[in-house]
Each structure stands twice: as structure tokens, then as C-alpha cells.
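Morning, everyone. I have one structure for you today, and I'll keep it brief. Have a look at it first.

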Amino acid sequence: MSTDRQAEPAAAETGEAGAEAEGPEPAAAQEPDGAEAEGPEPAAAAETGEAGDVAAAEAGEAGDGAAEPEPAAAQKPGGAQGEAAEPESAAAAEDGGAQGEAAEPESAAAAEDGGAPASEAEAADPAKPALSEAAAELAAQRIERERIARRKAEREAPVEAGAKLSGKAADLLAAVRAVESGAKPPAGYFDEAPAPRRPAAPAPQPRTPAAPVAPAAVSPGAVEEVRAVLTRGGAPEALAAEAAAALGEGAAEALAENPWRLLSVAAVRPTQADGFARALLGPEAGPGDERRTGALVGWLLAQAALKGHTALEAPVLRSALAQYSVPDPAEALETAIAEGAVLVFQEPLGPPGAQRPEGDAGEEGEEEPVRILVGLEGAAMAEESLADGLARLANTFDAPADWEKAAGAAPNPSAAELIRTVAGHGLTAHTGGEAARAEAFALVEAAGELGLRTCLAAHVPGGPDSVTVAGLLSGAEGPGRDADGQFALDLLVVLDAPQLDVETAAALVESVPDGARLVLSGDPGVLGSAGAGRVFADVLAARACPQVVSRTPDPGPVGELVSGVGIGELNQVDAPGKEVVIVPVRDAAEAVHRTVQLVAESVPRAFGIPADGVQVITPGHGGSAGTRALNAALKERLNPGPGRFGGFDPGDRVVHVPSPGRAEPARVVSADAQGLHLERAGGRIVVPKEQVESRVRHGWAVTAHQAVGARWPAVVVVLPGDAAQALSREWVYTAFGRAQRHLSVVHGVDQALPRAVAEVLPKPRTTRLTGLLKALVASASEQPE
């Protein structure tokens with residue numbers, strides 16, 4: 001990688017860049033790109049002993065759920081006087097940075113993922129003429145989760161909330177207490193091995209697939225009742241609609257009885273809920289109030305889910321509670337478990353079924369080491385259902401076929417290996433870079449020629465030969481469902497598998513019929529899913545199925561550069577055709593200036609790639625060289641206009657976010673009373689006007705999470721000086737890997753770039769899927785033939 005300015009295509013347009021230079025940007029000016037620049041992770045805290053940092057990681061800055069600047073909730077309800085001080089790191093996170101903008105991480109519920117709270121008018125509107133694509137998808141997933149819940153309820157009776165625990169639940173709670181106190185867990189509990197799981201789920205009973213239904217509308221009367229309670233507590237009235245929707249029927253009464261349930265609203269933080277509670281309850285609203293501690297446990301787990309965790313270790317959660325002035329964190333956690341507000345799990349730290357070496361009896365009564373995990377019901381059920389579904393597909397497949405002729409006609413040896421492996425297995429994992437995607441297409445083509453019903457699904461629209469995962473689940477795309485409510489297909493190949501969160505993956509796998517083949521394909525080096533879980537990484541770690549590793553290298557200098565980044569090396573590559581260019585800049589102002597030059601003039605002239613084929617990627621939304629600033633400058637140059645339609649004009653390049661975790665490129669066509677009309681993936685969609693602000697952004701410049709899964713002929717990666725802390729190996733790998741023919745790097749981070757590639761690894765996520773899959777594999781291996 002050369003830094004010689006003479007080698008770059010923009011050399012002729014350097015102009016008077018120096019005249020526009022400003023002083024160095026403050027470090028906080030560049031808002032982080034979600035998971036790339038977050039506070040201490042809960043999982044990391046558990047591993048290093050720095051559990052005290054978890055509250056900061058989940059309290060605003062790291063709680064990927066408050067993407068846009070906080071609305072009226074930013075005014076702390078109930079006044080600031082007399083409030084207990086929030087932990088310093090968490091309070092700093094709420095400040096949102098030196099430039100007065102709320103920190104805007106790009107993750108599960110961030111604004112580019114559709115996470116901005118809906119407006120009051122939208123939530124209160126009882127009449128929706130038709131389901132949007134996002135609503136249909138979410139409704140379909142909700143129906144699938146309800147079905148999963150019913151199946152699980154048949155296997156084990158629920159523990160009634162508030163009831164005294166007995167039997168296995170009481171034993172597990174006693175084990176939690178023992179682990180928390182440092183004592184030896186009761187031997188009686190861990191002596192009893194879990195009941196072995198069946199290697200294959202029974203064939204599903206025929207059922208009629210239910211059509212997605214719109215979520216129940218919140219009545220205006222309910223919103224007004226909640227508004228009255230908020231007013232009494234000094235909270236912003238603008239939260240009424242979202243609070244009513246989050247709390248459901250009887251929201252006003254529930255909120256008056258337990259003011260800390262205001263934490264169900266995404267933009268609200270614990271200090272704000274504390275102020276609201278004091279205003280309503282007076283002196284009895286103390287830090288040890290069980291209503292407060294229970295709400296905090298749920299809120300911390302919800303924030304952790306937004307950072308990718310499906311559960312937290314009990315010591316980490318206890319330390320986070322202590323940072324919020326909970327007098328007895330251990331008791332608070334035990335109470336939440338006893339009341340059924342959260343679920344608790346014990347996970348062996350050794351391999352499933354591991355036996356002591358012969359002759360090594362250990363101390364009398366010594367038990368297998370375990371870790372205690374605490375999680376919310378939704379993620380726990382999804383993770384268990386996903387593990388069961390994957391095991392079902394692996395174990396019910398009994399029709400291996402001879403696809404040797406198809407393998408012989410494959411375009412390369414890796415594609416041939418993939419075809420042979422899939423021929424004999426119900427579940428297969430396939431890893432590789434961008435070039436390996438062609439192998440998945442070759443597999444689908446070969447299976448189709450053999451008469452199989454096939455489908456290839458990707459994270460983002462990928463052309464006529466594929467569908468999106470979201471469209472497949474909602475029924476808007478793909479083969480549809482059979483009479484049993486399952487996909488009418490024999491082979492499903494899922495590209496971009498690292499982007500699957502546990503709930504999406506569970507709904508997907510549950511819909512694949514017995515005897516069908518499922519292939520999970522993706523690049524393990526890219527950024528992970530926006531939602532909770534690390535499905536693809538957990539499947540690979542569990543070794544629960546055959547794994548085919550592509551040996552097809554990504555071509556050209558860009559491919560060589562990206563491959564080096566994947567193993568922690570930022571190598572200089574030979575780029576005789578200027579395929580890779582480094583553009584050094586001194587500050588954010590020069591970075592914006594040079595980026596506009598590259599997109600509008602240099603790249604089109606040097607490579608014949610139109611400006612529409614050039615994508616800008618930067619670590620965050622805020623700051624002087626974030627997506628907002630870059631999009632404003634690029635719009636002024638490429639499509640100037642007054643922004644007549646909510647800041648947009650016909651011809652504007654935008655990103656549409658139909659649901660959390662999805663960001664699809666589109667272009668503005670027009671606007672009318674219905675909303676903003678967009679052209680997306682060859683079709684037309686209408687975004688209702690009340691959703692435009694939260695669901696549509698300008699798209700000349702995006703973040704790496706928005707870009708994952710897509711590729712462009714040319715990419716300009718912008719790294720201003722204040723972005724250094726946002727960089728990691730997976731971020732650089734993802735951003736650089738979006739380029740097909742040309743990559744320009746607007747480079748202002750000096751040695752932070754090679755240091756990030758070499759040293760800053762992905763932050764761990766606490767999940768249970770690997771352990772669940774390993775237990776299922778061990779159980780299946782013990783079954784008689």
C-alpha cells in the first residue's frame with residue numbers, strides 16, 4: 001500500500017485543500033460505528049475480571065439502542081436535584097460526545113437499522129391500511145416464536161411468577177447463590193445430569209400457516225392515560241405512545257405502580273427512570289426497591305442483547321447492578337430469578353460428557369466446573385429452538401445422493417467439494433471470502449439441474465437468482481410454504497450467515513422441512529449480526545456439521561489486501577492499475593473535501609466507474625467526517641436540492657431500513673401524501689411519511705454495518721483522525737472487502753490503522769448456542785444405531 005500522493009487518481013485535484021484545513025477533531029467527534037467502538041463488553045468483563053465496567057458498556061454509549069440523539073427523554077424526568085449519581089462512565093456515555101450529539105452506535109436498534117423510536121402519531125394511529133414489509137416480517141417471526149413457545153410449554157411446566165420455587169428450579173437457584181458466594185455448589189444439583197436430548201425432533205403435525213397479522217394498535221385513550229402519568233412524574237409527554245406500546249394493556253396503571261418500567265422505552269436511562277420514580281413515589285423510591293432492581297436486571301440484559309449477547313454471566317450482571325447503587329446485587333438477582341423475570345442456566349466449562357481421567361477421583365464431592373448464565377426468555381427460547389432445529393436437520397437427513405457428475409462439472413475444486421459434501425448431509429457450513437459466493441451459486445445451479453427445489457437467500461438483495469432472508473421469512477419472496485407451514489424446498493443456501501441473529505435464525509431453521517438440506521455460507525471475518533447472538537461462529541465452534549473451507553482466493557490487489565487484513569497483516573500490495581490508493585489527509589475537513597473529489601471526479605475519470613458505482617464507508621454517523629457530514633457534502637455536489645420531502649429530493653441516493661439489522665440501498669423517486677416513493681432492487685416501495693425520519697437516510701456514505709453483504713465497483717473508506725478508537729480488524733476487513741475493482745482509503749489515523757488490524761480483535765459475545773449444539777452432538781453420538 002503506497003502513500004505516495006502521486007500514485008492516486010486524485011493527485012490532479014489536490015487544489016487548495018490546505019485552505020480548508022481545520023484543527024484536529026476532538027476524539028469524541030466521530031461517533032462510533034456500533035460494535036466497533038463500544039464501551040467494555042460484558043463478556044470481556046467476565047473473562048478479565050473487570051466486571052465493574054459492564055454498566056458503562058450497557059448504559060447508553062454501548063447500549064446500541066439509542067441511535068439517534070435522545071428525544072425528550074434526554075431531559076431527566078423529575079428534575080436533576082437530589083438524584084443519585086449514575087456511574088461516571090455510564091453518565092459520560094449518555095452525554096453522547098463532545099459535540100453535543102448523542103452517541104450513535106451502529107448496531108441492532110441503531111437508526112440505520114430502524115431503531116429510532118416511532119413517533120407518537122405513528123404509534124397512536126389505530127388504522128393501518130396494509131402491512132408494511134417490516135411489519136409482515138416481524139409478525140411472521142412473532143408467530144413462529146409463539147409456536148416455539150407452545151412446543152416448549154408441552155415439554156415442561158412453567159414456574160408461576162412469584163411462587164416459591166421447588167425441585168430443579170430451587171436447586172438451580174441454590175447453585176447460583178453458592179457460586180455467587182464463592183462456596184461449593186450443592187452436589188445434589190450437579191450430580192443429576194440433564195436428561196439426554198433426542199437426536200431428532202418428531203415430525204411436525206400438519207398445520208395451516210397463519211397469515212401475518214398487524215400488531216394490536218394502541219388506542220388513543222390508552223396513550224392519554226399514560227401521558228397523564230408521565231406528566232405527574234415530570235417525564236416528557238412525547239414518550240407516551242412508545243410507553244403505551246411497550247407496556248401493553250393497562251400501561252398507565254402498570255407505570256404508576258412501578259415507575260421504573262419506563263425503562264421499557266428505548267431512549268430512557270436508569271437515572272431518568274429514578275427521577276421519574278421519585279416524583280411519583282416520593283421517599284419510598286429508594287435504590288433497593290425491588291421494583292427498581294427487577295427493572296434494572298431486565299434493562300441490563302436488554303442492553304446486552306443490543307450488543308450481541310444472548311445472556312450474561314451472573315457475576316457480570318451483579319457487578320453492573322452494583323454500579324447502579326443497588327444495595328445487595330446478589331439478592332436482587334436471586335429475586336428476579338425467583339419471580340421468573342429472567343431465566344438462569346448452568347453451562348459446563350468442559351466438553352460435554354467429559355469424564356475424569358482414570359484414577360483421578362479428585363476431592364470428595366468435587367463437581368464439574370460450570371458458569372452461571374442469566375438471560376431473557378426471548379433470546380433463551382430462540383437459542384434453544386435453533387439448536388434443536390439444526391440438530392433435527394442434521395439427524396433426520398437420510399437420503400444421501402450421488403452428485404459426482406455435478407461435482408465434476410463444478411467451476412473449481414472448492415465448489416466441487418461443496419457439492420459432494422451437501423449431497424450427503426442435511427446441514428453444512430461453508431466458509432470463504434467474496435469469491436466463495438460463486439461456489440454457493442454453483443451448488444444451487446447443480447441441485448436445480450438434479451430436480452431439487454432450491455432457494456438461495458442473502459442478507460441484502462443480490463439479483464434475480466436470490467432472495468433476502470427477510471423476504472423469505474415474511475413470504476414476500478421465495479418458494480412459499482407448504483401445508484405444514486414449512487418452506488416448499490429441498491435445499492436452502494443462506495449467504496451472509498454471520499448476519500443471522502438467533503431469533504431470525506431460529507425462525508428460518510424451524511421453517512426448513514425434515515429431510516431437506518441447509519447450507520450456512522459466509523465469511524467469518526466480517527462484522528457480526530446487528531441482533532443478539534453469533535450464530536455462524538457458534539455453529540463453526542460447535543463442529544456440529546461438516547465444514548467446507550473455500551480455497552478460492554479473492555482476486556486482484558484488493559483481494560490480496562483484504563486477505564492479509566483477515567490474518568492481521570496490513571501488507572503493501574502491488575497495484576499497477578491503481579486498484580488500491582491511499583489518500584493521506586490532515587484533518588476531517590480535508591477528508592470530506594478529498595472524498596467528494598474522489599467520488600465525483602477522480603474515480604469516474606480514472607476507472608470509468610460512474611459516481612453511482614462508488615460507495616463511501618466511514619466508521620460513524622456523527623462528527624465532522626461522519627456519514628451526515630459526508631452525505632451533506634456529496635448531495636450538494638451530486639444532487640443539489642432544497643430537500644423538499646423531509647430533507648430528500650428526487651434522485652437522492654438513500655439507505656432504507658425496513659427493520660432492525662437491514663439497510664438496503666435505494667433512490668428517491670418522488671413523494672406525495674402516502675409518503676416517500678423509493679426505487680429499490682428494481683421495484684418500487686413507499687415509506688409512510690411518519691416513518692421517513694427513522695427509516696431513511698442519505699446513502700452516498702454509509703457505515704460498515706450498513707454495507708456488509710453488499711459490494712460496489714469502487715469504495716472510498718474514510719478514516720479521519722478521530723475515528724482511531726472505532727477501528728478493529730473486522731471493521732477494516734469488512735469495509736475494505738466491499739470493493740470489487742478499486743479501493744481508495746482517505747487516511748488520517750496514522751499508525752492506528754495497522755495497529756487495529758494487528759491487535760484489535762472482535763469483542764466477544766456471551767451466547768449459549770455452542771454449548772447447546774455440543775450437548776446435542778454428544779447426545780446423538782450416544783444413541784444406539
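Start with a helix pair. Helix α15, residues 377-396, and helix α20, residues 502-510, have axes that come within 8 Å. They cross at roughly 35°. Bear in mind that this is a predicted model. The crossing of α15 past α20 is left-handed.

Who makes the contact? On the α15 side, the residues are Gly378, Ala379, Ala382, Glu383, Ser385, Leu386, Gly389, Leu390, Arg392 and Leu393. On the α20 side, they are Val502, Glu503, Ala505, Ala506, Val509 and Glu510. By class, that contact has nine nonpolar residues, three polar and four charged.

Next, the sheet. It is open, with three strands in the order β1-β3-β2. The pairing is antiparallel. Which strands sit at the edges? Those are β1, 312-313, and β2, 343-348, and each pairs on one side only. Take β1 with β3, residues 370-375: two bridges join them, in the antiparallel sense. Leu312 has Val374 of β3 as its bridge partner.

Last, the cavities. How many are there of 30 Å³ or more? Five. What is the lining of the largest cavity made of, by class? Five residues are nonpolar, seven are polar and five are charged.

That's my tour. Over to you.

Notes: Residues are numbered from 1 along each chain as its sequence is written. This is a predicted model: local features need pLDDT of at least 70, side-chain atom pairs count only at pLDDT 80 or more; totals for chains, interfaces and linings use all residues. Side-chain values use heavy atoms; hydrogens and water are left out. Axes are lines fitted to C-alpha atoms, for helices over the stretch in contact, and angles run from 0 to 180 degrees between N-to-C directions. Helices (H or I, at least four residues) and strands (E, at least two) are DSSP runs, numbered from the N terminus. A crossing is left-handed if the near helix is turned anticlockwise from the far one by less than a right angle, and right-handed if clockwise. Contact means heavy atoms within 4.5 Å. Ala, Val, Leu, Ile, Met, Phe, Trp, Tyr, Cys and Pro count as nonpolar, Asp, Glu, Lys and Arg as charged, and the others, Gly among them, as polar. On a 1 Å grid over the protein atoms alone, a cavity is a set of points where a 1.4 Å probe fits but cannot get out, and a pocket is an open set with protein on both sides within 12 Å along at least five of seven lines; lining residues have an atom within 4 Å of a point. Grid points are joined across faces, edges and corners, and a volume is the space filled by probe spheres set on the points. Two strands pair if DSSP finds at least two bridges between them.
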